[in-house]
Amino acid sequence: MKLSQFKFKLPDEQIALYPPHRVFKNEDGTVERVYQRDRCRLMVVHRKSGKIDLWQKDADGNDTSEPLNFRNIVDYFHEGDTFVFNDTAVFPARLFGTKEKTDAQIEVFLLRELNPELRLWDVLVEPARKIRIGNKLFFDGDGPMVAEVIDNTTSRGRTLRFLYDCPHDEFKRELFSLGSAPVPRYIIDRRPPDEDDTVNFQTIFAKNEGAVTAPATGLHFSRELMKIMEIRGFQNAFVTLHCSLGCFDPIEVEDLTKHKMNSEQIYIGPEACRIVNQAKQNGNKVCVVGVSTARATESSVGTDGMLKEYNGWTNKFIFPPYEFGLADAMITNFYHSESTLMMLTAAFSGYELCMEAYETALREGFKFGCYGDAMLILSD
C-alpha cells in the first residue's frame with residue numbers, strides 16, 4: 001500500500017490534550033480537573049459484517065441516544081475471554097538543562113541507558129544545532145547533575161555521559177526526579193505538561209520500566225473497570241514491549257514496504273503464554289489491548305496460532321494486507337494521519353472499514369491521540 005492512502009485532515013479541536021475529565025471551577029477562580037480514564041467514547045467495529053456501533057442499546061437491542069463509553073466494552077465479551085495488556089512502565093524521559101557558558105535552555109529526551117556503570121545514555125536534544133561533542137549540560141540549577149556530550153548518533157541524537165558519582169540506584173532516582181512525563185509533542189506544542197500527566201500517562205498495571213511513550217490504549221483501563229472484568233470472569237495476560245518514539249517517526253517513503261521501524265524490546269513470559277493459549281484452546285476470544293501489544297504478540301505467535309515465549313527485539317511493521325495469527329479482537333485509539341499506528345489498525349480491521357471508521361470518528365467529533373477515544377474491533 002501507499003503512504004498517501006492513509007492521509008486525512010484532523011482538526012486541531014479533535015486532538016485530545018487531556019484524558020476524559022470533568023472540569024470544576026473553584027471559588028478562587030482556579031480550574032480543577034477530575035479525570036475518568038475509562039469514560040472516553042467508544043466505537044465498535046465489526047470486521048465481518050462491516051457494522052459500526054456508536055450508541056448504547058436499550059433492553060430490546062435498539063440504539064439509544066446515549067453514546068457508547070469505554071466501560072461498555074465489557075458487554076462485548078464473555079466469561080473466559082482473555083485480554084492481553086502491555087505492562088511496560090514509562091519513565092520521566094523529558095528533561096531540560098542549560099548549556100555551559102551560553103545558558104541556552106536545551107530539551108533532553110532520554111531514550112535508553114547504554115551503560116549503567118559509565119552513566120551513558122542515548123538521548124535526543126532540541127535544538128540540536130546548539131549541542132556538539134564536548135559540550136556540557138547542567139540540570140537542576142546549581143545542583144550536581146551534569147552531563148557531557150561524547151558522541152553524535154543522528155541529526156538530533158547524542159550520547160551523554162552523566163558526571164554523577166554515587167550508587168546507580170541513587171543516580172537513577174535523581175535523574176528521574178528532574179524529568180517530566182514524556183507526553184507526545186502534539187500535546188506539549190499545545191499546552192505545557194503538568195503534574196497530572198505523571199499519573200495520567202501511565203497505565204494502572206505498569207510494571208516493567210523501559211518505555212518513553214505510553215501504550216496509549218491501556219490508559220483507558222481503570223481499577224474499577226478491571227474489577228468489573230474480573231467479576232465477569234475475563235482473564236488478563238501481560239506482556240512487555242518497551243514503546244519507543246519509532247511510532248511517531250514520519251514515514252518518508254510512499255511505498256510502505258520500504259519503511260523501516262525502530263526496534264523495540266519485548267518480553268513474553270510463560271504465564272502469559274499459558275493464559276492466552278488456554279483461551280485459544282477453549283474457543284474464547286483473545287483481545288489485544290493496543291497497537292504495541294499487537295506488535296508484540298504478532299512477533300511471537302507460532303504457525304499453530306499459539307503464543308510463544310520470547311525475550312528479544314522486534315522491528316515488525318504491520319500494514320494492510322496482513323493476516324493476524326493470534327488475536328480475535330483488538331482495542332486501539334484513533335491516531336494521526338499517515339501514522340504506523342493507524343496502519344496497524346487498518347491491517348486488523350481491513351483498510352476500507354478502517355477508513356470508514358475514521359471518517360465516522362471525524363464526523364462525530366471523536367477525540368484523537370493518546371488521550372483520545374477508543375475503537376474496539378471484533379471479528380464478527
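Guide: Rings of Phe, Tyr and Trp (its six-membered ring) pair if their centres lie within 6.5 Å; planes under 30 degrees apart count as stacked, over 60 as edge-to-face and the rest as tilted. This is a predicted model, in which local features need pLDDT of at least 70, side-chain atom pairs count only at pLDDT 80 or more, and totals for chains, interfaces and linings use all residues. Residues are numbered from 1 along each chain as its sequence is written, and side-chain values use heavy atoms, with hydrogens and water left out.

Visitor: How many aromatic pairs does the rule give, and what is the pair of F77 and F83 called?

Guide: The count comes to 27 aromatic pairs. For F77 and F83 the centres are 4.7 Å apart and the planes make 55°. That pair is tilted.

Visitor: Which class does the pair of F83 and F85 fall in?

Guide: The ring centres of F83 and F85 are 6.4 Å apart. Their planes meet at 20°, so the pair is stacked.

Visitor: Are F83 and F85 buried or exposed?

Guide: Buried means under 20% relative accessible area, exposed over 50%, and partly exposed in between (1.4 Å probe, protein chains only). F77 and F83 are both on the buried side. F83 and F85 are likewise buried.

Visitor: Which residues do ring pairs link into a cluster with F83?

Guide: The links are ring pairs, and F83 is a member of the cluster.

Visitor: Over which ring does the charged end of R191 sit?

Guide: A charge sits over a ring if NZ of Lys or CZ of Arg is within 6 Å of the ring centre and within 35 degrees of the ring normal. R47 lies over the face of F348, 4.1 Å from the ring centre. For R191 the distance is 4.3 Å, and the ring is that of Y18.

Visitor: At what angle do the axes of α7 and α8 cross?

Guide: Helices (H or I, at least four residues) and strands (E, at least two) are DSSP runs, numbered from the N terminus. Axes are lines fitted to C-alpha atoms, for helices over the stretch in contact, and angles run from 0 to 180 degrees between N-to-C directions. The axes of α7 (residues 340-349) and α8 (residues 351-364) come within 6 Å, and their crossing angle is roughly 120°.

Visitor: Which residues of α8 make the contact with α7?

Guide: Contact means heavy atoms within 4.5 Å. From α7 the contact uses M342, T345, A346 and S349. From α8 it uses Y351, L353, C354, M355 and Y358.

Visitor: How many residues of α7 are buried?

Guide: α7 is mostly covered, and its buried residues pack against α6 (291-298), β20 (329-333), α8 and β21 (374-378). F348 is one of the buried residues.

Visitor: What is the phi of E338?

Guide: E338 lies in the loop between β20 and α7. At 26% relative accessibility, E338 counts as partly exposed. E338 is not a glycine, yet its phi is positive, about 60°.
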